[in-house]
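Welcome! Let us take a walk through this chain together, starting with the overall plan and then stopping at a few places along the way.

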Amino acid sequence: MADVESEQVLDGLRRQARKLVADLAGPVRRVRLRSGESVLEVEWHDPAAPAPRAGTEPVGARIDEPARQTAPPVDRPAVRSPVVGTFYRAPEPGAMPFVAVGDVVRPGQVVGIVEAMKLMNEVTAGQAGRVVEVLVDDGKPVEYDQPLIALEPVTGQDG
């Protein structure tokens with residue numbers, strides 16, 4: 001019974017942490033919540049100083065192509081990451097992705113998952129649209145509010 005109660009307390013802390021992070025205006029580096037003996041602590045790495053990836057070329061070896069490839073044009077809507085974590089396009093390894101380029105999505109439709117602290121957070125479309133580009137590769141780290149999938153708005157005749 002104690003395990004069930006502990007899980008309920010942790011679930012409540014997770015919900016509070018999500019709400020707190022969503023309500024804050026700027027980026028969050030660390031959140032710590034406590035309820036009795038249970039503590040939930042989440043810390044995000046500094047996005048200004050990304051960790052070097054294995055197998056990357058040394059700085060100056062080539063001209064970097066900046067984030068313009070990973071950010072949709074200003075007038076194009078995008079599905080954005082709800083949390084910092086790892087983006088997955090499919091519900092499990094080897095499964096078909098939730099969406100592919102050319103698919104039409106509706107508001108609230110699950111288009112991916114972001115894993116954060118062993119929790120799978122569904123990524124849902126905020127509006128209807130046709131998927132024109134997947135901006136983040138499967139299994140790659142993402143930041144809060146990072147564009148994941150570029151959409152082209154659809155009219156009633158399109159979908």
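**A walk along the chain**

Starting at the N terminus, the elements follow one another in the order α-β-β-β-β-β-β-β-β-β-β. Counted up, that is one helix and 10 strands. Please keep in mind as you look around that this is a predicted model.

The chain has 159 residues, and 26% of them are buried. Its accessible surface amounts to about 11,100 Å², with 52% of that belonging to carbon and sulfur atoms. Among the contacts with a separation of 6 or more, 55% are between residues 24 or more positions apart.

Now let us turn to a sheet. In general, the strands of a sheet pair through backbone hydrogen bonds, and they do so either parallel or antiparallel. Here, four strands form an open sheet in the order 7-6-4-9, and their pairing is antiparallel. Strand 7 (119-124) and strand 9 are the edge strands, since each of them pairs on one side only. On average, neighbouring strands of this sheet are turned by 40 degrees against each other, with direction ignored.

Which strands does strand 4 pair with over three bridges in the antiparallel sense? One partner is strand 9: three bridges join strand 4, residues 85-88, to strand 9, residues 140-142, and the two run antiparallel. The other is strand 6, residues 110-116, which also pairs with strand 4 in the antiparallel sense over three bridges.

Individual residues let you follow both pairings. Phenylalanine 87 stands opposite lysine 140 in strand 9, and its bridge partner in strand 6 is valine 114. Threonine 86, in turn, stands opposite glutamate 115 in strand 6.

For a last stop, find serine 35, which lies in strand 1, residues 30-35. Is serine 35 buried, partly exposed or exposed? Its relative accessibility is 35%, so serine 35 counts as partly exposed. Apart from its neighbours within four places in sequence, serine 35 is in contact with Val9 and Leu13. Leucine 10 is another residue to look for: serine 35 and leucine 10 are 25 residues apart in sequence, and their C-alpha atoms are 8.6 Å apart in space.

Note on methods. Residues numbered from 1 in each chain as written. Predicted model: local features only at pLDDT ≥ 70, side-chain atom pairs only at ≥ 80, totals over all residues. Heavy atoms only, no water. Pairing = 2+ DSSP bridges. Buried < 20%, exposed > 50% of the residue type's maximum accessible area, 1.4 Å probe, protein only. Contact = heavy atoms within 4.5 Å. Axes fitted to C-alpha atoms, helices over the stretch in contact; angles between N-to-C directions. Areas by Shrake-Rupley, 256 points an atom, 1.4 Å probe, with all protein chains shown as cover.
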